[in-house]
Amino acid sequence: MNIDSTYFFKIENFLDKDKCESITKKYFDTLEIFGDKITKNSRKGFKELRNAPVFKKEENNILSRLATLLDKDLLLAYSHIIFYEPGAELPKHLDRPHSQYGININVWQTDDMDYPIYLTNPETKETTEIKQNVGDAFIYKACEVPHYRKELTAGNGIQFMVFGVEKGTDYEVFANDNMAINQEWQELTGNKAVDDLFERQKII
Ligand SMILES: [Fe+2]
């Protein structure tokens, strides 16, 4: 699949049931140990662990599968795992430049959860609804594809996400979540990845 022309695509059964269960268990175990102290997301309905050391192996495995699927030389930018509660809403946005190529995997959900994502192709402006069963993933150019979710009204779910940047591009500087703290990357004007993102943000 050529991501540079399609911008996003879905992959069913990216992770098998056992893998999804082991990621889910690690998430709940970690939360039980550290509590809400290590969740970093002030948004209502989101509990997030970012770059959690406990998921190092998963990060690397998933990034290398992503690189193979896209046929690109990727460096890890960051990973996060998010637990969603009713009230969670994701307004339409573009991601920061650390998210050049991303994969989102649904690893767990309650039966009553229905939380599709809507992705807009930046060329055709056509919006596609993506629904994911447990194990399903979608891959997207998160800095170029405006995306949003409506407010979650019932149920809970967990999604694991990994983001990579391509070596030799303007995004490479954002490997290892560089300049993420305090949004320092926003000062990096003159970098084409940043300048282009600011331009795109004006018209979503
Ligand atoms: Fe996003």
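**Figure 1. The largest nonpolar core of the predicted model.** In this predicted model, the largest nonpolar core holds 47 residues, and among these L66, V107 and Y140 touch the most other members. At least two core residues come from each of α2 (17-34), α3 (56-70), β3 (74-84), β5 (101-109), β8 (137-140), β10 (157-166) and α4 (192-201). The largest share is that of β3, which supplies eight residues.

**Figure 2. The fold of the whole chain, as context for the close-ups.** The protein chain is built from four helices and ten strands, which follow one another along the sequence in the pattern α-β-α-β-α-β-β-β-β-β-β-β-β-α. Its radius of gyration is 16 Å, close to the 17 Å that the globule rule gives for 204 residues, so the chain is as compact as a globular protein of that length. The C-alpha trace spans about 45 × 35 × 30 Å along its principal axes, and 34% of the 204 residues count as buried. Among contacts with a separation of 6 or more, 81% are made by residues 24 or more positions apart.

**Figure 3. The six-stranded sheet.** Six strands form an open sheet in the order β1-β8-β5-β10-β3-β2, and their pairing is antiparallel. At its edges stand β1 (8-11) and β2 (46-50), each of which pairs on one side only, while neighbouring strands are turned against each other by 20° on average, direction ignored. Within this sheet, the antiparallel strands β3 and β10 are joined by ten bridges, and Y78 has F163 in β10 as its bridge partner.

Figure 4. Helix α2 lies across β2, β3, β5 and β10, and runs at about 80° to β5. Helix α3, in turn, lies across β3, β5, β8 and β10, with an angle of about 60° to β10.

**Figure 5. The buried and exposed sides of α4.** In α4, the residues A193, V194 and L197 are buried. They cover an arc of only 95° around the axis, and therefore lie on the same side of α4. On the other side of this helix, K192, F198 and E199 are exposed. An α-helix has 3.6 residues a turn, so residues three or four places apart point the same way.

**Figure 6. The four-stranded sheet.** A further open sheet consists of four strands in the order β4-β9-β6-β7, with antiparallel pairing. Because β4 (90-93) and β7 are the edge strands and each has a single partner strand, one side of each is left without a neighbour in the sheet. From one strand to the next, the twist averages 20°. Strand β4 and strand β9 (residues 147-149) run antiparallel and are joined by two bridges, with L90 standing opposite R149 in β9.

**Figure 7. The hairpin of β6 and β7.** Strand β6 (residues 117-120) pairs with strand β7 (residues 127-130) in the antiparallel sense over four bridges, and T120 stands opposite T127 in β7. Six residues lie between the strands of this hairpin, where K125 takes a positive phi near 65°.

Key: Residues are numbered from 1 along each chain as its sequence is written. This is a predicted model: local features need pLDDT of at least 70, side-chain atom pairs count only at pLDDT 80 or more; totals for chains, interfaces and linings use all residues. A nonpolar core is a set of buried Ala, Val, Leu, Ile, Met, Phe, Trp, Tyr and Cys residues joined through C-beta atoms within 7 Å. A residue is buried if 20 or more other C-beta atoms lie within 10 Å of its own, exposed if 12 or fewer, and partly exposed in between; C-beta atoms are placed from the backbone. The radius of gyration is taken over C-alpha atoms; the globule rule is 2.2 Å times the number of residues to the power 0.38. Two residues are in contact if their C-beta atoms, placed from the backbone, lie within 7 Å. Two strands pair if DSSP finds at least two bridges between them. Axes are lines fitted to C-alpha atoms, for helices over the stretch in contact, and angles run from 0 to 180 degrees between N-to-C directions. The arc is that of the directions from the helix axis to the C-beta atoms.
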